[in-house]
Amino acid sequence: MLVLVAIIIVGVVATVLPHNSVPTPDALCAIAVLRTAEPDATALTRPACAPPRITGTGHGATALAAAARWLGTPYSWGGGGLDGPSRGIDQGANTVGFDCSALTRYAWHQAGVALPRTAAEQWHALRHIGPGYQAPGDLVFFQGSGGGPNHPGHVGLVLDTDRMIEAPRTGLRVRISRYTVRQDIIGYARPGS
């Protein structure tokens with residue numbers, strides 16, 4: 001069984017990473033997920049790796065640690081609440097997990113800061129900060145599906161100067177990814193300030 005899991009993980013890494021790239025520990029963490037023995041296909045799974053190194057302090061570090069706890073959890077449109085993953089709505093109705101704004105809301109709730117529910121509401125409620133001033137735990141907003149410059153469609157938590165923790169989209173799982181390579185960044189905001 002362990003050999004089969006290893007073969008599947010290697011196959012997933014090979015199909016996800018660009019040709020000739022070396023998988024980083026974060027990339028492996030985000031995709032190397034072991035399935036539980038439960039018959040429910042939507043049962044939560046956990047990554048087989050250590051949490052990422054969190055360099056921030058204070059509320060931002062608390063929020064990042066809370067989000068990192070759920071690496072490998074399925075994306076579920078409309079899913080997630082203040083207590084953790086939940087069954088979503090519409091296309092997320094059969095999946096227990098988080099959507100992007102529910103993950104950021106959950107993470108900052110663990111740090112004692114209340115955020116609105118959607119990415120657009122979070123963008124409008126928080127103090128914006130300029131590029132280059134983002135710190136660990138800040139939110140990074142993107143146009144995303146159906147979004148625009150004043151109405152973001154996606155949000156993630158800044159992990160460091162290059163990476164974020166995000167619940168990306170249906171079919172994927174909560175992961176660490178690079179935000180600096182994206183062309184659809186709207187801006188950054190700092191909760192709790």
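**Ground rules.** I am working with a predicted model, where local features need pLDDT of at least 70, side-chain atom pairs count only at pLDDT 80 or more, and totals for chains, interfaces and linings use all residues. Residues are numbered from 1 along each chain as its sequence is written, and side-chain values use heavy atoms, with hydrogens and water left out.

**Cores.** I looked up the nonpolar cores, meaning sets of buried Ala, Val, Leu, Ile, Met, Phe, Trp, Tyr and Cys residues joined through side-chain atoms within 4.5 Å. Buried stands for under 20% relative accessible area, exposed for over 50%, and partly exposed for anything in between (1.4 Å probe, protein chains only). The largest core has 31 residues, and Phe98, Leu103, Trp108, Leu139, Leu157 and Ile165 have the most contacts inside it. At least two residues of this core come from each of α3 (58–68), α4 (100–110), α5 (119–125), β6 (139–142) and β7 (154–158); helices (H or I, at least four residues) and strands (E, at least two) are DSSP runs, numbered from the N terminus. The most comes from α4, with six residues. Another core, of seven residues, lies apart from it, and Ile129, Val140, Phe142 and Tyr188 are among its members.

**Trp108.** I then listed its contacts (heavy atoms within 4.5 Å). Leaving out residues up to four places away in sequence, Trp108 touches His59, Gly60, Ala63, Val113, Leu115, Gly137, Leu139, Leu157 and Pro191.

**Asp138.** Next I went to the loop between β5 (127–129) and β6, where Asp138 is found. Is Asp138 buried or exposed? It is buried, at a relative accessible area of 3%. A polar atom of its side chain lies 2.7 Å from the backbone nitrogen of Ala135.

**Salt bridges.** I found seven of them, each a side-chain nitrogen of Lys or Arg within 4 Å of a carboxyl oxygen of Asp or Glu. One joins the side chains of Arg190 and Asp138 (2.7 Å, N to O). This pair links distant parts of the chain, 52 residues apart, with Arg190 in strand β10 (residues 185–190). Arg190 is partly exposed, at 23%.

Another bridge pairs Arg182 with Glu166 (3.9 Å, N to O). Arg182 sits in the loop between β9 (175–178) and β10 and Glu166 in strand β8 (residues 163–166), so the pair ties together parts 16 residues apart in sequence. Arg182 counts as partly exposed at 26% relative accessibility, while Glu166 counts as buried at 2%.

Notes:
A polar contact is a pair of N or O atoms within 3.5 Å; within protein, one must be able to donate a hydrogen and the other to accept it, and residues adjacent in sequence count only if both atoms are side-chain atoms.
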